[in-house]
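Here's a quick briefing to read alongside the model. Have the viewer open as you go through the topics below.

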Amino acid sequence: MKRKINLDELHKVESSSVIPLARKASDVVQAIIKVKETNYVPLCVRLRASIGPDIFTGEFKYDDLESLEQDPKVESVSISKDLKSAE
Amino acid sequence: MSQIDVSIAEEAKSSAKTDLDPRLQLLIVQMRSGITKVASVSTAENEVAVIARVADADAWLNLSEVRDATVIGKAGSDSSIVTGKIPVTRIEKVRNQSYIESLKAAQPLQPMLAVATDETEAQPAQLPAGNHVSGGEGVVLGVIDYGGDFVHRNFRKGNGKTRLLSIWDQNGGNSPASPYGYGVEHSTASLDLAINQADPYSAIGYFPGASSHGTHVMDIAAGNGNGSGVPGMVPNADLIFVNVTHERDPHKPEDIIKTSFGDSATLLEALKYIFDKAGRRPAVVNVSLGTNGGPHDGTSLVDQGIDALVSAAPNRAVVIAASNSFDDGIHATGTLSAGASHDLHWDVAATLSRPIEMELWYAGQDRLKVELFGPNGALLATAAPGETKQVQLGTDVVALLANRLNDPNNHDNMIGVFLMSGMPGGRYIVRLTGEVITDGKFHVWIERDNIFQSNFPAPNDNTHTIGSISCGKKVIAVGSYDANTSTKPLSYFSSAGPTRDGRKKPEISAPGHNVWAARSLTVTGVTRMSGTSMAAPVVAGIIALVFEEAVARGINLSIDQTIHILTDSARRSPPGGAAWNDRYGHGRISAAKAIKAVIDMSAGGGGGTEVAATAKKASKPRKRK
């Protein structure tokens with residue numbers, strides 16, 4: 001089971017992501033990640049798709065949020081957010 | 001068509017069955033007068049498409065005169081609505097079947113469906129002389145949506161084979177071959193195999209469902225009319241459809257799964273998939289999905305990701321519906337001074353059956369305190385700047401208040417408020433108090449809910465109601481107007497800009513009101529829908545035409561050039577005046593004028609970059625097939 005993480009300490013998490021993150025019961029988090037070094041992928045992240053030189057989608061364990069927060073090469077993390085139909 | 005000899009026609013008409021549909025009567029009269037009914041894209045010579053109400057649907061399906069017999073659905077408890085094509089010579093025979101209660105020629109859909117192409121000056125005859133457009137040939141048109149019916153004839157070639165390069169069903173089971181590790185990719189070959197099966201959907205395990213949203217959108221952009229009789233904007237484009245997922249996270253609450261369509265990460269993966277499949281070919285992708293939550297300034301990572309994808313190569317574009325929230329009371333704004341408070345009233349009509357969210361953004365140098373009061377006036381939570389607070393009932397979290405500082409992307413601050421299922425209906429109050437104020441301005445949005453929309457009480461500030469992912473710096477956001485009315489009024493629902501950082505979005509508008517286009521599970525049928533979802537694919541199709549023209553002339557267009565071509569060639573009156581309009585955008589899109597701009601660019605020496613040697617070159621003008 002995931003540990004309790006203080007959301008107020010996660011400064012690299014995109015603000016809009018906080019509510020979906022707080023609601024997640026999942027141990028695995030899917031996200032869009034921006035890094036400061038081209039093609040860098042943190043070890044804790046499973047790369048899914050390279051979107052640009054410094055942006056990719058990936059998955060990681062909830063507990064790894066803190067290591068991403070402390071990774072100097074990680075610029076920001078956007079926890080995947082649900083979309084609605086525009087109909 | 002040659003002129004009918006009235007005397008012969010009248011005589012022949014008198015011998016036709018008098019209770020027959022007048023259009024069918026006329027066909028019989030013409031046939032007896034020696035006039036051939038010409039073939040259409042969906043009917044053979046001397047064949048007519050019909051719609052009928054029958055007491056015995058099975059008998060209709062087995063009637064040998066009927067080709068492409070289809071049961072549309074029940075009409076009352078004892079009858080069914082059916083369609084099909086029958087020889088003109090057999091009209092009366094068919095009509096005399098005892099189980100046929102009504103038989104009519106299919107409505108002349110051309111005028112209704114052609115409204116969008118006519119109004120946007122996209123018909124081949126409306127395009128400028130010397131154009132190289134051939135219905136989007138050589139261009140990939142991608143659609144990210146839900147429910148794309150590959151069996152519909154509008155997405156099949158004349159020989160019955162599919163026009164789809166692939167479908168990626170993100171909801172399908174995972175396999176080593178799954179794109180990015182999930183879903184199922186259906187190739188052209190597998191779709192062609194499926195089409196020939198008795199149940200094509202079961203054959204490949206992809207069920208578009210009856211909602212028709214993706215089918216309708218794809219048809220507006222790129223249907224060829226082989227089924228419905230009326231083509232969309234680019235009938236010769238190659239198609240890719242991505243059916244968005246809502247099942248990637250098995251731990252997501254069920255109530256969210258039922259109301260969401262994909263998410264920000266899978267959207268980027270869908271875009272990446274389409275552009276990779278297109279390779280060096282021009283590609284435009286239509287997205288009719290969105291969210292109200294978000295910074296509305298183009299800085300979120302999904303915004304940056306889309307920008308990166310369309311900037312990575314020329315002749316790429318992403319078109320996104322502006323949203324349908326103009327009149328939903330989902331936006332509020334205000335300016336706070338230090339020490340002052342502002343109450344946001346949030347009306348919830350009934351006990352929540354699923355969660356709702358509110359998202360407020362304010363300047364990074366300001367500091368606001370936020371308090372949440374329940375419908376009974378009780379203070380539920382207070383969050384100082386930088387704090388996140390949860391409201392618990394026993395062990396259950398029933399509300400969440402997040403007062404976030406220094407967003408990593410734009411360095412602004414955000415307040416998020418979340419109410420969980422089971423919270424009572426009534427008026428909630430979100431009270432803001434200025435602690436440190438330099439700017440003081442704030443904008444707040446209530447998240448979209450397609451079934452049950454909570455709102456701010458009227459009067460509302462309906463500016464800034466455009467969806468957040470429509471605010472990307474290099475996406476093309478599209479508003480909707482009613483092309484069926486001579487004054488071309490705005491659709492009542494079409495969301496307004498600008499973005500929170502003051503950029504002019506939507507860029508452009510297109511017909512999206514009462515649009516008839518393909519309906520799922522009918523093979524040839526159509527249905528009527530309204531929304532910016534219907535306007536966006538009109539623009540996507542026209543961009544495909546622009547790309548086709550540009551590449552034929554040896555021009556590669558950057559995304560910025562593509563946007564300029566569309567906005568600079570947009571038509572006015574409406575909108576009035578010369579300024580950008582917060583709902584029409586820079587104006588109503590014109591295919592003819594956009595293509596003329598490309599021609600002028602070519603004549604003037606470009607501005608675009610030279611097309612790679614592998615891209616097709618201008619040879620001779622081509623016309624729509």
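Which residues is Ala544(B) in contact with, leaving aside its neighbours within four places in sequence? They are Gly136(B), Val139(B), Leu141(B), Val234(B), Ala237(B) and Val284(B), where contact means that the C-beta atoms of two residues, placed from the backbone, lie within 7 Å.

A heads-up on ground rules: this is a predicted model, with local features needing pLDDT of at least 70, side-chain atom pairs counting only at pLDDT 80 or more, and totals for chains, interfaces and linings using all residues. Residues are numbered from 1 along each chain as its sequence is written, while chains are lettered from A and ligands numbered from 1 in the order in which they are written.

**Around Ala544(B)**

- Ala544(B) sits in helix 12 (residues 532–552) of chain B; helices here are DSSP runs of H or I with at least four residues, strands are E runs of at least two, and both are numbered from the N terminus.
- Ala544(B) counts as buried because it has 32 C-beta neighbours inside 10 Å (the cut-offs: buried at 20 or more other C-beta atoms within 10 Å, exposed at 12 or fewer, partly exposed in between, with C-beta atoms placed from the backbone).
- Between Ala544(B) and Pro87(B) there are 457 residues in sequence and 37 Å in space, C-alpha to C-alpha.

**The sheet in chain B**

- Four strands make an open sheet in the order 2-3-1-4 (chain B), and the pairing is antiparallel; two strands pair if DSSP finds at least two bridges between them.
- Strand 2 (67–75) and strand 4 (100–105) of chain B are at the edges with a single partner strand each, so one side of each has no neighbour in the sheet.
- On average, neighbouring strands of this sheet are turned by 25 degrees against each other, direction ignored (axes are lines fitted to C-alpha atoms, for helices over the stretch in contact, and angles run from 0 to 180 degrees between N-to-C directions).
- Strand 2 of chain B runs antiparallel to strand 3 (residues 79–87) of chain B, and six bridges join them. Thr70(B) has Thr83(B), in strand 3 of chain B, as its bridge partner.

**The sheet in chain A**

- Chain A has an open sheet of four strands in the order 2-3-1-4, with antiparallel pairing.
- Strand 2 (46–52) and strand 4 (74–79) of chain A are the edge strands, and each pairs on one side only.
- Strand 1 (residues 28–35) of chain A pairs with strand 4 of chain A over five bridges, in the antiparallel sense. Ile33(A) has Val77(A), in strand 4 of chain A, as its bridge partner.

**Helices across the chain A sheet**

- Helix 10 (residues 264–278) and helix 11 (residues 301–311) of chain B pack at about 5 degrees, with axes 10 Å apart. Helix 10 of chain B and helix 11 of chain B are therefore roughly parallel (angles under 35 degrees count as roughly parallel, over 145 as roughly antiparallel, 65 to 115 as roughly perpendicular and the rest as oblique).
- Helix 10 of chain B lies across strand 1, strand 2, strand 3 (55–61) and strand 4 of chain A, at about 60 degrees to strand 2 of chain A.
- Helix 11 of chain B lies across strand 1, strand 2, strand 3 and strand 4 of chain A, running at about 60 degrees to strand 2 of chain A.
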